[in-house]
Amino acid sequence: MSKLTKNQKLVADKVEAGKVYSLKEAAGLVKEITTTKFDASVDIDVRLGVDPRKANQMVRGVVTLPHGTGKVVRVLCLCTPDAEAAAKEAGADYVGLDEYIEKIKSGWTDIDVIITMPSCMGKLGPLGRVLGPRGLMPNPKSGTVTMDVARAVRDVKQGKIDFKVDKAGIVHTSIGKVSFSEQQIYENAKEFVQTIIKLKPAAAKGTYLKSIFISSTMSKGIKIDPKSAE
């Protein structure tokens with residue numbers, strides 16, 4: 001068994017084995033147990049009482065975190081010339097259409113989100129094999145296919161994230177950075193959980209929020225009482 005580092009020893013006893021914390025307590029504790037020299041991400045995992053294999057129990061949505069994610073999100077806006085100025089003003093990192101489609105065909109995917117217009121989707125079809133596996137294909141359900149590309153760009157830059165339950169029934173995402181205040185982490189986490197609650201499928205039976213854990217990059221997971229997040 002590997003020995004604990006000095007920093008690991010300092011935080012080892014701060015998370016009690018088997019204890020369930022309130023969301024507020026966990027928001028502060030995750031800052032205390034993080035010892036990385038870089039600004040670690042704060043992650044949340046929510047296990048749901050759904051069967052994702054059934055279409056009527058799929059949980060997918062978008063949420064705009066009150067304090068953003070703390071990450072620099074690189075946005076490509078594929079739009080018609082008349083919308084380019086508004087997209088650039090809204091903060092898009094790359095704006096254009098055909099030239100960027102050709103770049104993607106050549107293997108360029110140095111971006112985090114692609115926003116486009118319905119009229120441009122036809123040109124993105126052939127890029128499905130490249131964009132799909134990377135989670136970059138625009139989708140109307142996530143708000144990344146829209147006529148108002150400027151608003152979509154602003155939303156993403158301000159902390160809007162897209163999430164979907166995985167095959168194991170877990171929704172996982174980052175909700176901020178350790179440098180955030182305890183209150184900011186708490187409010188972001190609560191907004192995320194509240195959004196998931198609103199998306200509860202009618203077909204889901206029994207306990208919906210089965211478990212919630214918060215952790216940071218390389219830290220222990222902190223178990224949270226789901227009732228404290230409702």
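Okay, let me start with a helix pair: helix 2 and helix 8 cross in a right-handed way. Before I go on, keep in mind that what you have on screen is a predicted model.

Back to that pair. The axes of helix 2 and helix 8 come within 8 Å, and they cross at roughly 130°. If you want to find the contact on your screen, look on helix 2 for Leu23, Lys24, Ala27, Gly28, Val30 and Lys31. On the helix 8 side, they meet Glu182, Gln183, Ile185, Tyr186, Ala189 and Lys190.

Helix 3 covers residues 81-90 and helix 7 covers residues 149-157; their axes are 8 Å apart, and the packing angle is about 15°. So helix 3 is roughly parallel to helix 7, given that the cut-off for that label is under 35 degrees. The crossing of helix 3 and helix 7 is right-handed. And which residues of helix 3 meet helix 7 here? They are Ala83, Ala86, Ala87 and Ala90, and across from them in helix 7 sit Val149, Ala150, Val153 and Arg154.

Let me step back to the whole chain for a second. We have 230 residues, and 46% of them are buried. The secondary structure comes to eight helices and nine strands. The C-alpha trace spans about 55 × 45 × 35 Å along its principal axes. Now take the contacts with a separation of 6 or more: 73% of those come from residues 24 or more positions apart.

On to the insides. As a rule, nonpolar side chains in soluble globular proteins tend to be buried together. In this chain, the largest nonpolar core has 38 residues, and Ile44, Leu48, Phe192, Ile196 and Ile214 are the ones with the most contacts inside it. Several elements each supply at least two residues of this core, among them helix 2 (23-32), strand 1 (41-48), helix 8 (182-198) and strand 8 (209-216). Which helix gives the most to this core? That would be helix 8, with six residues.

Take Ile196 as an example. Setting aside residues up to four places away in sequence, Ile196 touches Val46, Leu48, Phe163, Val171, Tyr208 and Leu209. Then there's a second, separate core of 31 residues, and Cys77, Leu78, Ile111 and Ile115 are included in it.

Is Thr116 buried or exposed? Buried, because its relative accessibility is 0%. The Thr116 side chain reaches the backbone oxygen of Leu78 at 2.7 Å. Beyond four places in sequence, Thr116 touches Leu78, Met121, Leu124, Pro138, Thr144, Val145, Thr146 and Val149.

Next stop, Ala40 and Ser41. Ala40 lies in the loop between helix 2 and strand 1. It's a loop residue, but Ala40 is buried, since its relative accessible area is 0%. Now look across to Lys177: Ala40 and Lys177 are 137 residues apart in sequence, but 5.7 Å apart in space, C-alpha to C-alpha. Besides Lys177, Ala40 touches Thr34, Gly176, Val178, Ser216 and Thr217, again leaving out residues up to four places away.

Ser41 is in strand 1, and at 11% relative accessibility Ser41 counts as buried, because the cut-off is under 20%. What joins the side chains of Ser41 and Lys177? A polar contact of 3.3 Å. Neighbours within four places aside, Ser41 is in contact with Lys71, Ser174, Gly176, Lys177, Ser215, Ser216 and Thr217.

Last one: Met218. You'll find Met218 in the loop between strand 8 and strand 9. Met218 is exposed, because its relative accessible area is 74%. The backbone is worth a glance too: phi of Met218 is near 70°, a positive value in a residue other than glycine.

How values were computed: Residues numbered from 1 in each chain as written. Predicted model: local features only at pLDDT ≥ 70, side-chain atom pairs only at ≥ 80, totals over all residues. Heavy atoms only, no water. Buried < 20%, exposed > 50% of the residue type's maximum accessible area, 1.4 Å probe, protein only. Polar contact = N/O pair within 3.5 Å; in protein donor to acceptor, adjacent residues only side chain to side chain. Contact = heavy atoms within 4.5 Å. Core = buried A, V, L, I, M, F, W, Y, C linked by side-chain atoms within 4.5 Å. Helix = DSSP H or I, 4+ residues; strand = E, 2+ residues; numbered from the N terminus. Axes fitted to C-alpha atoms, helices over the stretch in contact; angles between N-to-C directions. Left-handed = near helix turned anticlockwise from the far one by under 90°. Parallel < 35°, antiparallel > 145°, perpendicular 65-115°, else oblique.
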